[in-house]
Amino acid sequence: MAQLISRMLARKNTVLFLSVLIAVPFLIRIPDLRIVENVDYFANENHRDVIFYKELKSIFGNDEFFIVAFKKQNLFTAANLGLLKSITNDLAGIDGIREIKSLANVSETIGEEDNVVIRQFLETIPEEPHLLEKLRQRASQNPLYLKNLLSSDGNTAAIVIFIHNQPDNSGFRNRIIAGTRVVLERYKDKTGPVHIAGWTVTNTVLARYMKQDLAVFIPVSYGFIALAVFLFFRNIRLTLVAMVYTSLCVGCTMGLFPMLDITLNNVTTMVPPVVMALALCDTVHIFSHLIRHRYDPHHKVEKVYAKVLLELIRPCFLTTLTTFIGFLSLYVSDIPPIREFAIVSSMGILFEFCFAFTFIPAFMLLFNQQKIVGIHNRYPSDRLNLPGFFSHLSESIFRHYRMILTTGILLILVSIWLASTITVDTNLLAYFRSDSPVYQSTRFVEKELAGTNTIDISFKAVEPDAFKQPETLEVIQTLQLHIARMAGVDNTLSLVDFIKDLNRCFHNNAPEFYRIPKNANLISQLLLICNPDDIQNLINPSFDHARMSVRIGLHSTRDQAELIKLIKNQTQTMDTRGLQIQISGLVLQEVNTISALVRGQVLSLTITAVIIILIIFFVLRSFPLGMLSILPNLFPIVLNFGIMGLFNIPLNTATALISTIAVSIAVDDTIHFLTEFKTHLVWGADIRQAVFNTLQVKGRAIILSSLILAMGFGVMVFSRFVPTMHFGALSAVIMIFALLGDTLLLPASAIIFSSRLCIRSPEQRLHG
């Protein structure tokens, strides 16, 4: 290895050229990078519920919708109803809209002397007040309109817009929402505040947040990196080297995205700041070791670099390996964007290691070495007297090692207790600040009308025309009545509602006939006069597959899962008359996603922890040192969960990633510490002297790399996406806890268990 490094440094220009040449194929692909404009990618496409949901949409049409709602002091005036009609007609012309419903175009069934008439509710808009009042009464008494198209007080109108399903067109939602806003802008002086809510809106806003995050993360990360390196080393050339190297690593990583057909999404957008922070850690260790080997004009500079690289290549390879394994273990997740994060981030780590030991030394050798690491340069570490600081730190550890270890164990125990209160939950609405338009519009729609989330219930029969039979329709009605009484359910809609309404109208609007007819022939007759457009989303043409839509105001996946459980229990206890009943819809996909996420992260964390511990044991070739590495790495992870429990931060799509990523990174400084620590033990130092020497040699780099990682993750607190903010803040805190674990708990543990840390030197092993 020493010869290879020496030859590489002797041919620095060739190495530099080859490094850049290797990077070029990746860098030229960066312009092909695709940024997704939706967040549909979390579902596991191979999951049976996802497959069934797609089948359901192919039969009944896409169930995704959003709502445009506005409130008037008196909605039922000629001017306001005319306004509703104009807006509805204009919105209907937007490309991509599958269906649009409002009081302006919805059908109404009217019974007149044993005759049923179906016409548009607003076929004409009357001018007379008494006719407008009758119109209000008809609308308010129609269960098909109430809380769906009209609020209970009759003053809030809703326009429900269903869109086509275009999975291969990532920007279609943006265009629909943009077109909607253009239409609404024309009427803003007449409508007053207009609220737009629903999954279509939430989806586009989350995608926009992701773009904004990307625009903030990279420049802010560069700023922090430049500031950190310059303040610590006070050398503009070292700062330049760090920035160029970091750019090379990030550029190659980003070039991988289009190569592997991976897009930037709300998860993979975290890759750039993570790669930048990790890249700088290797740089810090190289720079710190060069400081210890000050350049002497009387010695050949390549020998200094060779010595530094030889000292670092083994621990850096180990830290690269453990971090690579940790990140790659995320690939066991069922969630596509997490698997994509695993691939590109782990490959980014490989780029960092390769360029750190090829590009960095070759690039640094281009500069005047006396100005890079010259003996006349003074570094901030000298001004801050870091050697003196580490001497005092060592003395404090020697005096208080029992108290340090006891305190660490107590913190772990308290954190375990707090962690028991963590909830597994994703709440999309809580991802937005309470003053955001999305949050306020959603709350308005849910207060005045009904929830914007939906659960679909599928009813499949064996025989055609099964849902023209009263006993089969009774099954739907029974379940629908039970669901309507469940907490969180705002509205339900099924074929039964239309049949009951038709039956009432057929019997001169007599309220007692708002029920399912007992006669199958009458049901068939009623269905013949029914407007097919009204029921096409609820029954298939052969009448053997029906759908019920359930609108809910629940946004917490924990609450949604509880509701789904109640519905499943109800279907299992009732007489289904041979019908196959299955729950589907967007809400079920959210619940399944968070469940898969937690399972994947538990598995990933287990795999990472076991492999990393085995690697440390194998490399250190010492069971006691291997055991010594567990506590300082357990410390930050457990404290992270304790903080989540203390501040009621749920385990969701972002925070679930933290543990695996953190343990992969936090172990790096432990490896650097133990590798140096073992070296001093091997050459005869006692435990205290080995701790003192290790802190003097590695303390500077451990502190700076931990601070850089904390800042790198801390950049994410600038996100407008709440889970990303939590991810960044908690990861930054973990890096600080990891620093305390490596500089306090690890040395204290070594002192306490010193009798077991018997490391033999090469001479002892030779004569042993």
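The second largest cavity of this predicted model holds about 160 Å³ of space. Its lining is made up of 15 residues, and those nearest the centre are Leu278, Cys281, Asp282, Thr319 and Asp668. At least two lining residues come from each of helix 10 (271-292), helix 11 (301-328), helix 12 (336-356), helix 26 (658-682) and helix 27 (687-714). By class, 5 residues of this lining are nonpolar, 6 polar and 4 charged.

Across the whole structure, 8 cavities of 30 Å³ or more were found. The largest cavity has a volume of about 490 Å³. It is lined by 35 residues, of which Lys101, Asn148, Phe162, Leu493 and Phe498 are the closest to its centre. Strand 2 (97-101), strand 3 (107-111), strand 5 (156-163), strand 7 (453-460), strand 8 (489-493) and strand 9 (545-552), together with helix 19 (495-506), each contribute at least two residues to the lining of the largest cavity. This lining comprises 14 nonpolar, 12 polar and 9 charged residues.

The largest nonpolar core contains 141 residues, and the members that touch the most others are Phe287, Phe355, Ile661, Phe677 and Phe713. Helix 10 makes the greatest contribution to this core, with 14 residues. Helix 10 also supplies at least two residues of the lining of the second largest cavity. A second, separate core consists of 99 residues, among them Leu132, Val438, Phe444 and Ile499.

Beyond its neighbours within four places in sequence, Phe355 is in contact with Ser19, Ala23, Tyr245, Leu248, Cys249, Cys252 and Ile360.

Technical notes: Residues numbered from 1 in each chain as written. Predicted model: local features only at pLDDT ≥ 70, side-chain atom pairs only at ≥ 80, totals over all residues. Heavy atoms only, no water. 1 Å grid on protein atoms, 1.4 Å probe; cavity = no way out; pocket = protein on both sides within 12 Å on 5 of 7 lines; lining within 4 Å. Points joined across faces, edges and corners; volume = space filled by probe spheres on them. Helix = DSSP H or I, 4+ residues; strand = E, 2+ residues; numbered from the N terminus. Nonpolar A, V, L, I, M, F, W, Y, C, P; charged D, E, K, R; others polar. Core = buried A, V, L, I, M, F, W, Y, C linked by side-chain atoms within 4.5 Å. Buried < 20%, exposed > 50% of the residue type's maximum accessible area, 1.4 Å probe, protein only. Contact = heavy atoms within 4.5 Å.
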